[in-house]
Amino acid sequence: QVQLVESGGGLVQAGGSLRLSCVASGRAFSMYDTAWFRQAPGKEREFLATTSRSTGSIYYAYYADSVKGRFTISRDNAKKTVYLQMSSLKPEDTAVYYCAAGVSITPAQRVGAHNYDYWGQGTQVTVSS
């Protein structure tokens, strides 16, 4: 199995930035596609970004329209870590942020939370106005 642990959340003012990290256990992290989701109280879990398993440094990234241009996903297979760099944060970005991993996630599947096999515990991001 793969265990994922997020960190880096906190309180930030609107317009500020945060970088979230997700550290994975296991030896096969490079074989998994990875993604970030978020969930605010009373709302469904929302897809944010995904990056594919890679060959060397070659991988794709795909973003939800709500965060494209503000958030950047990246990964470091040697460190077994996936990152989410968040900029120009807005109060509506307030949520618990989760990283996820899955095997052989297709483009049609990537935005669906149910398609991922492993999840972190979440890290709270609060953006004040």
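Is E46 buried, exposed or partly exposed? E46 is partly exposed, because its relative accessibility is 29%. The views below are close-ups of a predicted model.

**View 1. R38, E46, R70 and D93 form a salt-bridge network.**
The structure holds three salt bridges. R38 meets E46 side chain to side chain, at 2.9 Å from N to O. R38 also meets D93 in a salt bridge, with an N to O distance of 2.8 Å. R38 sits in strand β4 (residues 33-39) and D93 in the loop between β8 and β9 (95-102), so this pair ties together parts that are 55 residues apart in sequence. R70 forms a salt bridge with D93, and the closest N and O atoms are 2.8 Å apart. That pair also links distant parts of the chain: R70 lies in the loop between β6 (61-63) and β7, and D93 in the loop between β8 and β9, 23 residues apart. R38 counts as buried because its relative accessible area is 8%, under the 20% limit. R70 and D93 are buried too.

**View 2. Four strands make an open sheet in the order β1-β3-β8-β7.**
The pairing is antiparallel. The edge strands are β1 (4-7) and β7 (71-76), and each pairs on one side only. Neighbouring strands of the sheet are turned by 15 degrees against each other on average, direction ignored. β1 pairs with strand β3 (residues 18-24) over four bridges. β3 and β8 pair over six bridges, again in the antiparallel sense. Five of the seven residues of β3 are buried, so this strand is largely enclosed by the rest of the structure.

**View 3. Strand β1 has a covered and an uncovered face.**
L4 and E6 make up the covered face. V5 and S7 make up the uncovered one. Across the pairing, V5 has V23 of β3 as its bridge partner. E6 stands opposite C22 in β3. S7 has S21 of β3 as its bridge partner. V23 in turn has a bridge partner in β8, namely T81.

**View 4. T81 is a buried residue of strand β8.**
Its relative accessibility is 5%, which is why T81 counts as buried. A polar atom of the T81 side chain lies 2.9 Å from the backbone oxygen of K79. Leaving out residues up to four places away in sequence, T81 touches S21, C22, V23, F29, S74, R75 and D76.

**View 5. R75 in strand β7 is buried yet has no salt bridge.**
Which side chain of opposite charge is nearest to R75? D33 is the nearest, at 5.4 Å. A salt bridge needs the charged atoms within 4 Å. R75 does make polar contacts through its side chain. One joins the side chain of T34 at 3.4 Å. Another joins the side chain of N77 at 2.9 Å. Beyond residues up to four places away in sequence, R75 touches F29, S30, Y32, D33, T34, T51, S52, R53, Y59, T81 and V82.

**View 6. L84 is buried in strand β8 (residues 81-86).**
L84 counts as buried because its relative accessibility is 0%. Its contacts, not counting residues up to four places away in sequence, are L18, R19, L20, W36, L48, A49, F71, T72, I73 and Y97. L84 and T50 are 34 residues apart in sequence. In space their C-alpha atoms are 9.8 Å apart.

**View 7. A14 lies in the loop between β2 (10-13) and β3.**
A14 is partly exposed, because its relative accessible area is 44%. Which residues does A14 touch, not counting those up to four places away in sequence? They are L89, P91, V127 and S128. A14 and V127 are 113 residues apart along the chain. Their C-alpha atoms are separated by 5.7 Å.

Notes: Residues numbered from 1 in each chain as written. Predicted model: local features only at pLDDT ≥ 70, side-chain atom pairs only at ≥ 80, totals over all residues. Heavy atoms only, no water. Helix = DSSP H or I, 4+ residues; strand = E, 2+ residues; numbered from the N terminus. Buried < 20%, exposed > 50% of the residue type's maximum accessible area, 1.4 Å probe, protein only. Contact = heavy atoms within 4.5 Å. Pairing = 2+ DSSP bridges. Axes fitted to C-alpha atoms, helices over the stretch in contact; angles between N-to-C directions. Lys, Arg positive; Asp, Glu negative; His and termini not counted. Polar contact = N/O pair within 3.5 Å; in protein donor to acceptor, adjacent residues only side chain to side chain.
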